[in-house]
Amino acid sequence: MTILNETYTLAGGVEIPKLGLGTWFIDDDKAAQAVRDAVAIGYRNIDTAQAYGNEQGVGEGVRTAGVARSELFVSTKLAAEIKDYDGAVAAIDQSLELMGLDHIDLMLIHAPQPWDDFRGGDYAQGNREAWRALEDAHKAGKLRSIGVSNFLQEDLENILDSATVAPHVNQLLAHVGNTPAELIAYCRAQGILVEAYSPIAHGEMLKNAEVAAMAEKYGVTVPQLCIRYTLQLGTVSLPKTANPDHMRSNAQVDFVISEADMSALRGMDARDYGEHSAFPVYSGK
């Protein structure tokens, strides 16, 4: 499971592990144990968000995981609804307090619009204000790196136009069947690392016969193929699970997908998220 020891270096010089643990849908009272299990297996990158309602549990897991805080990379996200400087400053401090940590390794603006208006109105000014709060917390040492999530190119350009620190990361929905290649290329050109959340498409890839056939060819599981795909795209992969067996399996990705198969996977279009389409990020907007 050497992938757990591999890192990328962000534009600001901070190292981030290539494989992380996503914690969306893990209840607050179960999050601490999930983090402890992941750390025991070898994970060092833990991702949460204010919107997940489990920062307290994740923070407890980080503090009680039995490894030095400096060995762990902890991310959280500013609630998508916060589009003003003072609100963002207060929310950053609240995350630190809830998690019981003196610093967070990466904090992102969760989305360029509030969830109830996702891909809707113009929040350019609000995003600039929230970004300024992240920059100030970064300067103060509260946040080691800062970034965004679900930002399209125009959203990024809005931040870059006035930023004193360019976003280090853009966390995106990226998986086999949904590869935002142009956006990933734009981010790379700007020195912004892409993180891929839902690399298994919130479980939908488990039903895909084409992907299953390719996984069988490599002698791996569908999740392993999907995670490896996002890693070979040059992104951080953030599969979500509270199951230690799945954590172990998700880290067993020390194989290489051929360029021909990568091309086939890149060309796939699979964006039917079934019941999960109710969530803004899966709505097709």
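Phe25 counts as partly exposed, because its relative accessibility is 45%. In this predicted model, Phe25 lies in the loop between strand 3 (21-22) and helix 1 (28-41). Its phi is positive, at about 75 degrees, although Phe25 is not a glycine. Most residues other than glycine have a negative phi.

**Another positive phi**

- Ser198 also has a positive phi, near 50 degrees, and is a residue other than glycine.
- Ser198 sits in the loop between strand 9 (193-197) and helix 7 (209-218).
- With 12% relative accessibility, Ser198 counts as buried, because the cut-off for buried is under 20%.

**Helix 2 against helix 3**

- Two packed helices are described by the angle between their axes and the distance between the axes.
- Helix 2 covers residues 55-63, and helix 3 covers residues 85-99.
- Their axes cross at roughly 55 degrees and come within 7 Å.
- Helix 2 is therefore oblique to helix 3.
- On the helix 2 side, the contact involves Glu55, Gln56, Val58, Gly59, Glu60 and Arg63.
- Helix 3 meets them with Ser95, Leu98 and Met99.
- Sorted by class, this contact of helix 2 with helix 3 holds three nonpolar, three polar and three charged residues.

**Helix 4 against helix 5**

- Helix 4 (residues 124-139) packs on helix 5 (residues 153-162) at an angle of about 55 degrees.
- The axes of helix 4 and helix 5 are 10 Å apart.
- The two helices are therefore oblique to each other.
- The crossing of helix 4 past helix 5 is right-handed.
- Helix 4 supplies Ala124, Asn127, Arg128 and Trp131 to the contact.
- Helix 5 supplies Asn158, Ile159 and Ser162.
- The residues in this contact of helix 4 with helix 5 are three nonpolar, three polar and one charged.

**Nonpolar cores**

- In soluble globular proteins, nonpolar side chains tend to be buried together.
- The largest nonpolar core here has 81 residues.
- Within that core, Tyr43, Met205 and Leu225 touch the most other members.
- Leaving aside residues up to four places away in sequence, Met205 touches His175, Val176, Ile200, Val211, Val222, Cys226 and Ala270.
- There is also a second, separate core of 11 residues.
- Among the members of this second core are Val14, Phe73, Leu108 and Leu193.

**Gln224, in helix 8**

- Gln224 belongs to helix 8 (residues 222-232).
- Its relative accessibility is 8%, so Gln224 counts as buried.
- Not counting residues up to four places away in sequence, Gln224 touches Ser249, Gln252, Val253 and Phe255.

- Gly234 is placed in the loop between helix 8 and strand 10 (236-238).
- Gly234 counts as partly exposed, because its relative accessibility is 26%.
- Gly234 and Asp37 are 197 residues apart along the chain.
- The C-alpha atoms of Gly234 and Asp37 are separated by 26 Å.

Note on methods: Residues numbered from 1 in each chain as written. Predicted model: local features only at pLDDT ≥ 70, side-chain atom pairs only at ≥ 80, totals over all residues. Heavy atoms only, no water. Axes fitted to C-alpha atoms, helices over the stretch in contact; angles between N-to-C directions. Helix = DSSP H or I, 4+ residues; strand = E, 2+ residues; numbered from the N terminus. Parallel < 35°, antiparallel > 145°, perpendicular 65-115°, else oblique. Left-handed = near helix turned anticlockwise from the far one by under 90°. Contact = heavy atoms within 4.5 Å. Nonpolar A, V, L, I, M, F, W, Y, C, P; charged D, E, K, R; others polar. Core = buried A, V, L, I, M, F, W, Y, C linked by side-chain atoms within 4.5 Å. Buried < 20%, exposed > 50% of the residue type's maximum accessible area, 1.4 Å probe, protein only.
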